[in-house]
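Reader: Before we discuss any labels, could you show me the model, and then take me through the terms and the values behind them?

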Amino acid sequence: MEIIIDGKTFPVVIEDNAAARDLISRLPLEITLNDFNNTTEKIFYPEPALTLNGVPRGCAPVPGDITIYVPWGNVAIFCKEWSYSNDLVKIGHIDGNGIDGLRVEGDIKVTFRVSEE
């Protein structure tokens, strides 16, 4: 999978779980990521919510991690490190310096798509 941020394409490594496969099945996705908690994370709400059947919960996110916050059902891309939470499900990670493009104040439009390679 890839994410396109401000015209630049970055690889995303996907976890091997049902939630990640559900996200991939919806690609391509053009979405607006909303800034949350002073650029700690960028979030969006997939409709319908991604499946969580049999998906292991709990992670301590680092910059670039793509997670689901279970209580709200939102996808969160972490721009900063955060403490371990049993309410987070990791579904992927943005490789390289792609996270730098999300470390901006405010909302940002991005596209997720299947890798062209």
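Author: Let us begin with Asp65, which counts as buried because its relative accessibility is 3%, and buried means under 20% relative accessible area, exposed over 50%, and partly exposed in between, with a 1.4 Å probe and protein chains only. This is a predicted model, in which local features need pLDDT of at least 70 and side-chain atom pairs count only at pLDDT 80 or more, whereas totals for chains, interfaces and linings use all residues. Residues are numbered from 1 along each chain as its sequence is written, and side-chain values use heavy atoms, with hydrogens and water left out.

Reader: What makes the pair Asp65 and Lys90 a salt bridge?

Author: A salt bridge is a side-chain nitrogen of Lys or Arg within 4 Å of a carboxyl oxygen of Asp or Glu, and the side chains of Asp65 and Lys90 meet at 3.4 Å, N to O, so the pair is called a salt bridge. The two are 25 residues apart and link distant parts of the chain, with Asp65 in strand 5 and Lys90 in strand 7; helices (H or I, at least four residues) and strands (E, at least two) are DSSP runs, numbered from the N terminus. Lys90, at 27% relative accessibility, counts as partly exposed.

Reader: How many salt bridges does a search of the whole structure find, and what links Glu2 with Arg113?

Author: The search finds seven salt bridges, including that of Glu2 and Arg113, whose side chains meet at 2.6 Å, N to O. This pair also links distant parts of the chain, 111 residues apart, with Glu2 in strand 1 (residues 2–5) and Arg113 in strand 8. Glu2 has a relative accessible area of 9% and is therefore buried, whereas Arg113 is partly exposed because its value is 22%.

Reader: How do you know whether Ile99 is buried or exposed?

Author: The relative accessible area of Ile99 is 7%, so this residue is buried, although Ile99 lies in the loop between strand 7 and strand 8. Leaving aside neighbours within four places in sequence, its contacts are Pro63, Gly64, Ile77, Phe78, Cys79 and Ile94; Pro63 is 36 residues away in sequence, and the C-alpha to C-alpha distance between Ile99 and Pro63 is 6.8 Å.

Reader: What makes you say that the buried residues of helix 1 line one face?

Author: The buried residues of helix 1 (residues 18–25) are Ala19, Ala20, Asp22 and Leu23. Seen down the helix axis, these residues fall within an arc of 160 degrees, so they line one face of helix 1, the arc being that of the directions from the helix axis to the C-beta atoms. Their cover includes strand 2 (8–14), strand 3, strand 5 (65–69) and strand 7 (88–94).

Reader: Why is Phe36 called partly exposed?

Author: Phe36, in strand 3 (residues 29–36), has 31% relative accessibility and therefore counts as partly exposed.

Conventions
Contact = heavy atoms within 4.5 Å.
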